[in-house]
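Hi everyone, thanks for coming. Have a look at the model on the screen, and I'll walk you through two spots in it.

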Amino acid sequence: MLWADRIAGEIVKTRKPRDGKTFLIRDEKTISGRVHVGSMRGVAIHGLVGEALSEQGIANAYRFEINDFDPFDSIPGYLDAEKFKEHLGKPLYAVPSPEPGYANFAEYYGDEFIAVHKKAGFTPAYYRLTELYRSGKMDPLIRTALERSGDIRRILKEVSGSEKDESWLPFSAICEQCGKIMTTRSYDFDGEMVGYTCDRSPDGSVPCGHSGRVAPWKGTGKLFWKAEWAAKWVVNGVDIEGGGKDHSTKGGSRDVANHIAREVFDYEPPFDIPYEFFLVGGKKMSSSKGQGSSAKDMSDLFPPQVFRLALIGREINQQIDVDPSGDSVPRLYDWYDELAEAVRSGAVDDHSRLYTFCQLPEDQATLPLPWQMRFREVAFIVQMPHLSLENEAERAKGSTITQEEVLAVNGRAHYARHWLDTYAPEEFLYKVQMTLPKADLTGAQKKALGALADFIQGDKRSGEDIHARLHELKEETPIAPKELFQAIYRIFLGRDSGPKAGWFLAGLPHDFVITRLSEAAQQL
Ligand SMILES: [Zn+2]
């Protein structure tokens, strides 16, 4: 059984919606810069569990928090550090957008992230964390947390081993003088006001030294994050919320939040779905440049269905690893095509189920199943300016292609071109050499190429014809197959490997092929 169906089943068996009607599913992301594709795994897992529940007629709603209130704690490598360093330590909503047209930093990068959700067919209802605070909805929970800070300190110590001194409060005030939140320490809650001093300097943020008292309501500060996590469950009425494995260890932040929810807020924590990482090229996070590892960069490599497969194809306790600079991109397309083949063969199993979930929600009932040309072939053909993609697709399919299939193959061509222009490794790049490269051919190689030129000269030959002739030439010349094909790749592509030679040559302009073969046969 596919993980989403299994989890939906467990939820139905063990939980009732808290409001008696609709299961509330929640996920969130702190928008501290361009969002890594790893965060899309949570978006997809929560979304898919919702889709599996809906299919069973179980009412559910999906809320996604754009966290715009956490502190700006590091400057991403692609931004001008000089320009942004004065903002270190401020809440994200108070940091300017790097581009004009957006209210703040979190809105700018949040917008890009939301567009990726939409493309992948996940459409939660969004809210900003600042709205939750400014509306006053968090106030009763802030009061409880402040009044019971002793219990929260005890839980932190017992569950995670972290010790806070007795004056510590689970609240960070925004400094009224410098606007920073990461630099303040709060103490002395008198029932209405909290005292704070702006004197901390974590992660390079600079405090101003101001001390004051502030009423901790309506967004003048925020709860310590592990207490805040629990408070957000209460305010939203969350029934289902998973988290990445970095939060899910014993004594980890989820464990602490669960204890705070039960013991301080008297709230049974949501159904948990702990999940593994989505790695890019074996690494959890990007380099500072972040090329290829953002949700946007990754989604640009795939149509929605294949992107969904990347996100949901593995069991949630298995790592996903996609390396756009290796062969994972064509392998994902191949995997998708195998699922489609399973559906075509009439299988009703995990493969066909996964294919269904790869479709956008609106297509899951009708299940579009166009014939698709293999991505690797598409990626080759788009590099051959003399080849027509549609003709080649028809040839590969062996019959006329439908309008839907034309769209599918052109869609793949768009993604293939983008991949070839950005991350594709050398082995996938084919460039026909306009003049004969220095090929260092042996006598046997030249002899075989000359014979091939004569054969092609005779008539317009198909890929099959040339393929058959190449096999005869191995015996006639004689020449080892590897040497024969290497000679062809060297003289046309300037490299030692390439696509199926017969069809490759048949696709090139006839006279060009003859001239090149003859030149090579005579090369000194
Ligand atoms: Zn300050």
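In helix α15, residues 389-397, the buried residues are Leu389, Glu392 and Ala393; buried means under 20% relative accessible area, exposed over 50%, and partly exposed in between, with a 1.4 Å probe and protein chains only. Because these three cover an arc of only 100° around the axis, they sit on the same side of α15, the arc being that of the directions from the helix axis to the C-beta atoms. Their cover includes α14 (375-381) and α16 (403-422), where contact means heavy atoms within 4.5 Å. Helices here are DSSP runs of H or I with at least four residues, strands are runs of E with at least two, and both are numbered from the N terminus.

A quick note: this is a predicted model, with local features needing pLDDT of at least 70, side-chain atom pairs counting only at pLDDT 80 or more, and totals for chains, interfaces and linings using all residues. Residues are numbered from 1 along each chain as its sequence is written, and side-chain values use heavy atoms, leaving out hydrogens and water.

Now, which residues are the protein donors of the zinc ion? They are Cys175, Cys178, Cys198 and Cys208, each through SG, 2.3 Å from the zinc; donors are N, O and S atoms within 2.8 Å of the metal (3.2 Å for Na, K and Ca), and water is not among the atoms, so sites may look incomplete. The donor angles run from 102 to 116°, so the arrangement is tetrahedral, a label that requires four donors with all angles between 85 and 135 degrees. Cys198 is buried because its relative accessibility is 0%, whereas Cys208, at 33%, is partly exposed.

Terms used:
Four donors count as tetrahedral if all angles lie between 85 and 135 degrees; four count as square planar and six as octahedral if opposite donors are over 155 degrees apart and all others between 65 and 115; anything else is irregular.
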